[in-house]
Amino acid sequence: MPEEDFETALAELADFPLVEAIFGRRSRRFALGDEIPDGPLAYRSRHEPVPLTDLERMLVLSAMGGTTGWHYSITRDARYAPHVSNYAGAAAGRTFPSAAGIHTAELFCTDDSGLYFFPTRDAGALVDPAVEEVTPELLVERHRERLHLLSPGRLHLPAEEPYLEGHNTWCVNVPGSLLVIPVADIAQHLIAILCFFAQNGYAIYDDVNGRELPGLAEFGGLVDVEEPFPLTFTEQYALTEATAELASACYAGVLVLQAMGLGGWMFDGIDRFAMLGASGDPDVPGLGFRYDEDERWPTPNPTGREGVFEALCPPRYRDMAAAVEAFAERKFGPGGPFHRDTPGAWTDSPGFRGSALVHDAEFKACVALQAQYVLDTFGKFPGTVPTVFIMNYVQAHHLDLDFYDRFFKPGAYLHTHTTHMQKWHAAEAQT
């Protein structure tokens with residue numbers, strides 16, 4: 001295929017109208033190689049599955065979790081004036097938003113070639129719109145090295161309940177598909193919220209057991225110990241904010257599916273315990289996360305995969321004081337959003353980043369006391385919601401247009417789906 005045709009395919013992706021991506025979005029589940037064995041849409045594909053190419057996979061991943069420049073951090077609060085509000089946890093912005101720039105989510109994915117990890121939350125700005133034109137090909141080029149193979153072969157999930165919802169057993173994680181799995185560190189997000197609270201004069205109390213936190217009174221000069229927030233409210237806050245990250249990443253992914261002409265959809269019909277590694281079946285290891293069980297907990301509690309993605313709490317850290325210290329290092333240490341030497345988007349980036357107040361020993365002790373209380377009382381951190389969480393997934397695959405032509409009226413798919421195989425697979429062959 002001529003080089004100009006390859007460039008045209010990527011240029012057409014970059015020029016695809018946002019409105020068409022939004023208005024043309026549909027869950028398009030029937031892939032090449034699929035079969036619906038019964039019912040009014042019974043159909044067996046006449047085609048073999050076709051895996052996504054490396055280019056297609058990287059475009060989907062870059063759309064879901066790529067860095068797109070430096071986080072702007074335009075926040076102002078009279079309590080901090082004239083300093084910057086030091087909420088953010090990461091220096092770079094990504095394709096999806098995060099509450100206060102905390103960014104605790106990362107992506108895993110699997111296809112026929114293996115199980116992968118795609119970490120970007122602390123990668124810095126892999127592209128910088130201040131000095132270069134951000135294009136699909138540039139995003140792919142800069143992000144390709146972020147993709148790490150964890151194990152060969154597709155992640156094994158039996159096509160049956162309880163691993164998959166019954167309505168997904170025929171179409172999820174099928175040969176040829178790419179399954180993207182965003183995971184959020186709720187422990188880290190809760191630490192960030194406890195920091196946010198303390199920065200604004202708030203603290204928590206244990207509304208589950210109906211008691212104040214022992215020792216919190218000594219921090220009365222920093223936080224309001226008379227009117228604390230309920231622990232359950234605070235933990236639901238963390239879970240909900242992090243889930244918004246997961247969902248936004250997935251929505252960014254499904255929009256780019258329309259522009260590329262790939263089939264697929266975002267959904268939540270996979271058992272999250274089986275996915276994380278707590279299926280109880282050694283033949284179904286999922287992502288291989290460590291998990292623990294306790295009679296106080298209704299469900300197992302995964303905490304991470306060693307050396308890959310580990311929540312900011314024990315067993316990764318000896319105690320919550322160490323976890324709080326690690327979070328402060330992420331914010332104020334080298335590469336963090338409030339380190340003078342971290343590049344940025346401002347005309348005086350060192351001055352902007354260096355104006356933030358660094359968490360001092362008293363501040364960190366106040367946050368650590370609250371976090372350690374939760375761990376000691378409930379046996380895990382957070383105490384009432386999962387330590388790590390997954391909700392939404394994105395599957396991308398090549399659409400079987402014959403199925404849609406057989407059962408649907410015109411308009412069931414976009415012009416990009418009609419021309420996808422000729423454009424994108426020829427383009428990949430060229431590269």
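These legends describe close-up views of a predicted model. Local features need pLDDT of at least 70 and side-chain atom pairs pLDDT 80 or more, while totals for chains, interfaces and linings use all residues. Residues are numbered from 1 along each chain as its sequence is written, and side-chain values use heavy atoms, without hydrogens and water.

**View 1. D402 and R46 form a salt bridge.** The closest N and O atoms lie 2.7 Å apart. A salt bridge here is a side-chain nitrogen of Lys or Arg within 4 Å of a carboxyl oxygen of Asp or Glu. D402 sits in helix α11 (residues 401-407), R46 in the loop between β2 (43-44) and α3 (54-65); 356 residues separate them. Helices (H or I, at least four residues) and strands (E, at least two) are DSSP runs, numbered from the N terminus. D402 is partly exposed at 24% relative accessibility. R46 is exposed at 64%. Buried means under 20% relative accessible area, exposed over 50%, partly exposed in between (1.4 Å probe, protein chains only).

**View 2. D294 and R296 meet in a salt bridge.** The N to O distance is 3.0 Å. D294 is partly exposed at 24% relative accessibility. R296 is also partly exposed, at 47%.

**View 3. Three strands form an open antiparallel sheet.** Their order is β12-β13-β14. Two strands pair if DSSP finds at least two bridges between them. The edge strands β12 (290-292) and β14 (309-310) each pair on one side only. Three bridges join β12 to β13 (residues 301-305). In β13, G304 is the bridge partner of R290.
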